[in-house]
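This briefing looks at one residue and then at the chain that holds it. Please keep the sequence and the structure in view while reading.

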Amino acid sequence: MPPRTLILSHSRESAMRTLADEIRERTDLDPEVARTPKESREMVPGAEIVLGYDLSEELLERADSLAWMQALSAGVDHYDLAALETRDIALTNASGVHAEPIAEQVLGYLLAFERRFPRAFDQQERGVWEGFSAGELKGKEVCVVGLGEIGSRVAELCSALGCRVTGTKRHPDSAPDAADDVRPPAELQRLLADADHVVIACPLTEETRGLFDGDAFTAMRSSATLTNIARGGIVEQDELVHALQERDIRGAALDVFEEEPLPEESPLWDLSNTILTPHMAGSTPEYWSRLAELFAESYRNYPDGELRNRIV
């Protein structure tokens, strides 16, 4: 018999049901879908495979048969990795599923800064005809902090437009061909000094938490921009606000924040040199089919313990 599989409840129940249908098309599994948190608690005992955006301490305690947790996000900083390892529960993430839409969104941010779309949109809204000059992305240096699945696709798109791409990767030898200069994370400051655009695409870990602080903004050019599509905790938000207010850097495009939703009182809302989006860079109509394909690939190798994107 196929292992009992459960998809935990989420506010978008219809999306979870779509994921279940996509998995049925690709595997012999028949995933159950919990409609509410209460149902998640009731249904998780006995489930061998669980898919979800989170696994609370209570759910983990009740998951008496759990062998494999498939996270529906790339970030797993909110999982208790030590507890999963202690119980020999495999944890895999959704790394790679978001690469295309996020990379395209990053490209949109960079083009918006170079072609000054925010000013054009503002003038359109006010009915003002006033010419202004704009720049080009071609020839600019883009530093991608974290050349994983997403960062590599960002590098490919930027390279295709004629940018020089630099970046960081824990093992530089495995960096994508699209990157011109790849350094270990310890050499980030050197790369920041020459970059026209800096893109954060690394995971949130103890090493990367608060990585972009006042020192990092001081190292950047005053004409450089910062884009964050990773996790809000990688940036010291108050220090970013100060750098933007003082024009220590040119601007910032942010899809993630220290606190979400971004509080109404945040000064980021009122800064003219920011582009803010509500943590939606990874959204795409292809999301669930890509995620199901990734999961199905791992499931085919599950009996041998070979799971794609395994974290624990």
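Aspartate 181 sits in strand 8, which covers residues 181-183. The model is a predicted one. The points below begin with this aspartate and then turn to the whole chain.

**Aspartate 181**

- Aspartate 181 has a relative accessible area of 16%, and it counts as buried because the cut-off for that class is under 20%.
- Its side chain makes a polar contact with the side chain of arginine 183, at 2.9 Å.
- Leaving aside residues up to four places away in sequence, aspartate 181 touches Arg164, Val165, Thr166, Gly167 and Leu191.

**Fold and overall form**

- The secondary structure of the chain consists of 11 helices and 12 strands.
- The chain has a radius of gyration of 21 Å, close to the 20 Å that the globule rule gives for 312 residues, so the chain is as compact as a globular protein of that length.
- Along the principal axes, the C-alpha atoms fill a box of roughly 65 × 45 × 35 Å.
- Of the contacts in the chain with a separation of 6 or more, 60% are between residues 24 or more positions apart.

**Burial, surface and charge**

- Buried residues account for 50% of the 312 residues in the chain, and aspartate 181 is buried too.
- The chain exposes about 15400 Å², and 46% of that area comes from carbon and sulfur atoms.
- There are 31 positive and 57 negative side chains in the chain. The centres of these two sets lie 4 Å apart.

Terms used. Residues numbered from 1 in each chain as written. Predicted model: local features only at pLDDT ≥ 70, side-chain atom pairs only at ≥ 80, totals over all residues. Heavy atoms only, no water. Helix = DSSP H or I, 4+ residues; strand = E, 2+ residues; numbered from the N terminus. Buried < 20%, exposed > 50% of the residue type's maximum accessible area, 1.4 Å probe, protein only. Polar contact = N/O pair within 3.5 Å; in protein donor to acceptor, adjacent residues only side chain to side chain. Contact = heavy atoms within 4.5 Å. Rg over C-alpha atoms; globule rule 2.2 N^0.38 Å. Areas by Shrake-Rupley, 256 points an atom, 1.4 Å probe, with all protein chains shown as cover. Lys, Arg positive; Asp, Glu negative; His and termini not counted. Charge placed at Lys NZ, Arg CZ, Asp CG, Glu CD.
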